[in-house]
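Hi everyone, thanks for coming. I'd like to walk you through one model today, starting with its pocket and then moving to its rings.

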Amino acid sequence: MALYAARQQEAGFRYGPDTVWQREFEEMFPFEETEDQLQAIEAAKQDMESPKIMDRLICGDVGYGKTEIAIRVAFKAIQEGKQVVYLVPTTILAQQHYNNLVKWLTPLGLSVELLIGSISKKQRTVSETNLRNGQANIAVGTHALIQDTVDFANLGAVVIDEQHRFGVKQRLALRKKSQNPQILTMTATPIPRTLAITMNGDLDLTIIDELPSGRKPILTTMTNSRRQI
């Protein structure tokens, strides 16, 4: 509570309106946005373009388009010369997001770094150097991103996937690496602590409850030799 209250008392970097490049980038996405997605995108951009520091939670089920919102936020921050952190709880998820961001951003001349526990010491050193001197635009990774050896030239925005896997200590660590970065968190299952902070008014909440056209809900099954559950 104290961390959120302190952030609300300070002014953040004020981003400019969408550029032509932003609009052209967003037109590249293959899926038609739902009304919920459009509202979430607009809310996040309004946060970034205002003096306030963004602390917004996007809540939506798997496959409802949260990642597409996060990529738009990241691109908007990068256009202003800011770096972006994409913090996720597992190596597999980090690799998935890294591959996705590479596909979308590297054709535009942007640099994406991956920091996870399984990479080599040499690769880690190169990635950390690129982030420190500003040659990397966005970093994707697990808790390895918040180690003391990781620093940024100009960190402006943080995307946290599955926020219930990260606590106050991790948020404080990220804050020390930047002057009040914009924070966008995403989850399908908000925990009671997060809901309490939202009800207290310290965390803005946007709910995505509309399944994108052409997509089907996730169906999980388990099959054994006798029957399917």
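Let's begin with the lining of the largest pocket: nine residues are nonpolar, five polar and seven charged. Here Ala, Val, Leu, Ile, Met, Phe, Trp, Tyr, Cys and Pro count as nonpolar, Asp, Glu, Lys and Arg as charged, and the others, Gly among them, as polar. A pocket is an open set of points on a 1 Å grid over the protein atoms alone, where a 1.4 Å probe fits, with protein on both sides within 12 Å along at least five of seven lines; lining residues have an atom within 4 Å of a point.

Before I go on, this is a predicted model: local features need pLDDT of at least 70, side-chain atom pairs count only at pLDDT 80 or more, and totals for chains, interfaces and linings use all residues. Residues are numbered from 1 along each chain as its sequence is written, and side-chain values use heavy atoms, leaving out hydrogens and water.

Which helix gives the largest share of that lining? That is H5, with five residues; helices are DSSP runs of H or I, at least four residues, numbered from the N terminus.

Now the rings. Phe25, Phe29, Phe75 and Trp104 are linked into a cluster by ring pairs, where a pair means centres within 6.5 Å, for Trp using the six-membered ring. Arg72 lies over the face of Phe29, 4.2 Å from the ring centre. Likewise, the charged end of Lys82 sits over the ring of Phe13, at 4.2 Å from its centre. For both, the rule is NZ of Lys or CZ of Arg within 6 Å of the ring centre and within 35 degrees of the ring normal. Phe25 and Phe29 are both buried, meaning under 20% relative accessible area with a 1.4 Å probe, protein chains only. Phe13, by contrast, is partly exposed because its relative accessibility is 36%, in between that limit and the over 50% that counts as exposed.

Definitions and conventions:
Phe/Tyr/Trp six-rings, centres within 6.5 Å; stacked < 30°, edge-to-face > 60°. Helix = DSSP H or I, 4+ residues; strand = E, 2+ residues; numbered from the N terminus.
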